[in-house]
Amino acid sequence: MDLSTAYKECHQIVKQVGSSFYYGMMLLPQPKRVALYAIYAWSRICDDAVDEFTGQAAHQRLQEAEALLYRAVQPSYLEDEHPVVSALGETIRRYQIPLDPFEDLLRGMRIDLNPVEFRTFSELERYCEYVAGSVGRLCAYVFGFTDSDALRLANQMGIALQLTNVMRDLKEDIARNRVYIPTEDLETAGYSLTDLRRCRRTPQFRRMMVQQVERTRAYYRRAAELFPLIASDARRCLQMIYAVYFELFKAIEANPEIVLQQRVSLSRTKKIHLIWDALWQKQIG
């Protein structure tokens with residue numbers, strides 16, 4: 001498939017999703033922007049497999065996503081009729097991206113094929129590394145970096161963002177039989193799984209959420225060390241993504257019970273303001 005057409009198809013996939021990541025991608029130079037479109041389009045196929053389907057259908061869809069990845073690394077990737085294969089294959093080669101982050105993402109998606117319940121934070125952290133730290137590392141390869149420590153910090157960034165998602169999507173995930181909050185944390189706070197499934201707003205719930213917030217803030221603090229290690233022409237994108245999620249995090253921190261009432265989000269106006277902030281940081285940096 002013609003690469004220009006393939007990248008345009010990936011762009012449409014990303015645009016239709018309306019993710020906050022899309023606003024950040026707009027701040028990248030064109031070659032890096034279309035590369036992230038390809039990566040994000042593939043990751044959306046993985047996400048949709050486990051979020052939009054159940055049972056055998058979900059397994060089959062995820063296998064199809066995995067097959068697209070391995071077709072992308074074949075010498076014949078440009079002859080493939082699927083736009084994601086061609087665009088992803090070109091991106092992998094142009095930015096010399098190893099398969100490990102892609103395969104880690106698939107590992108995380110497989111966890112979501114079944115009911116989820118983690119006993120310890122170590123189990124949750126490993127899951128976050130798979131589903132989000134992997135994306136952080138993929139982005140780092142496209143962004144470009146000056147120090148190999150950037151990959152470790154990109155992993156921390158991904159975990160910070162995913163822990164924010166865990167809190168933000170608490171109610172929605174419970175309905176899907178996915179309990180990402182470690183049961184050890186629930187027990188420490190005196191808040192039961194039954195309480196969580198019934199979305200009970202109690203002092204114990206707040207105590208449990210305070211622990212999640214404090215832990216997540218530590219990951220954001222470490223992730224901020226990534227900025228100076230990223231190529232200057234990609235730094236605004238990273239700043240934008242970080243800023244959007246940190247705003248979500250602060251909203252949850254200010255009112256933890258809100259996650260049991262609604263899905264925390266930012267208005268389009270707020271996102272535009274954050275874009276301007278990222279542009280200004282670039283200008284004065």
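Is Arg217 buried, partly exposed or exposed? Select Arg217 to find out: at 26% relative accessibility, this residue counts as partly exposed. (Buried stands for under 20% relative accessible area, exposed for over 50%, and partly exposed for what lies in between, using a 1.4 Å probe and protein chains only.)

Before we go on, note that this model is predicted, so local features need pLDDT of at least 70, side-chain atom pairs count only at pLDDT 80 or more, and totals for chains, interfaces and linings use all residues. Residues are numbered from 1 along each chain as its sequence is written, and side-chain values use heavy atoms, with hydrogens and water left out.

**Salt bridges**

(Helices are DSSP runs of H or I with at least four residues, numbered from the N terminus.) Glu253 is partly exposed, at 31%.

Next, pick Asp149 and Arg152, whose salt bridge spans 2.7 Å, N to O. Both belong to helix 8 (residues 149-168), and they are separated by about one helical turn because they stand three residues apart.

Then try Asp80 and Arg71, another salt bridge at 2.8 Å. Asp80 is buried at 14% relative accessibility, whereas Arg71 is partly exposed at 35%.

**Aromatic rings**

Now show the rings: the structure has 17 aromatic pairs. (Rings of Phe, Tyr and Trp, the last by its six-membered ring, pair if their centres lie within 6.5 Å; planes under 30 degrees apart are stacked, over 60 edge-to-face, and the rest tilted.) Select Phe21 and Tyr40, a tilted pair with 6.1 Å between centres and 40° between planes. Phe21 sits in helix 2 (residues 20-25) and Tyr40 in helix 3 (residues 30-51), so the pair ties together parts 19 residues apart in sequence. Both Phe21 and Tyr40 are buried.

**One last stop**

Finally, go to Met109 in helix 6 (residues 100-111). Met109 is buried, with a relative accessible area of 3%. Beyond its neighbours within four places in sequence, Met109 is in contact with Cys46, Asp47, Val50, Leu62 and Val131. (Contact means heavy atoms within 4.5 Å.)

Definitions and conventions. Helix = DSSP H or I, 4+ residues; strand = E, 2+ residues; numbered from the N terminus. Salt bridge = Lys/Arg side-chain N within 4 Å of Asp/Glu carboxyl O.
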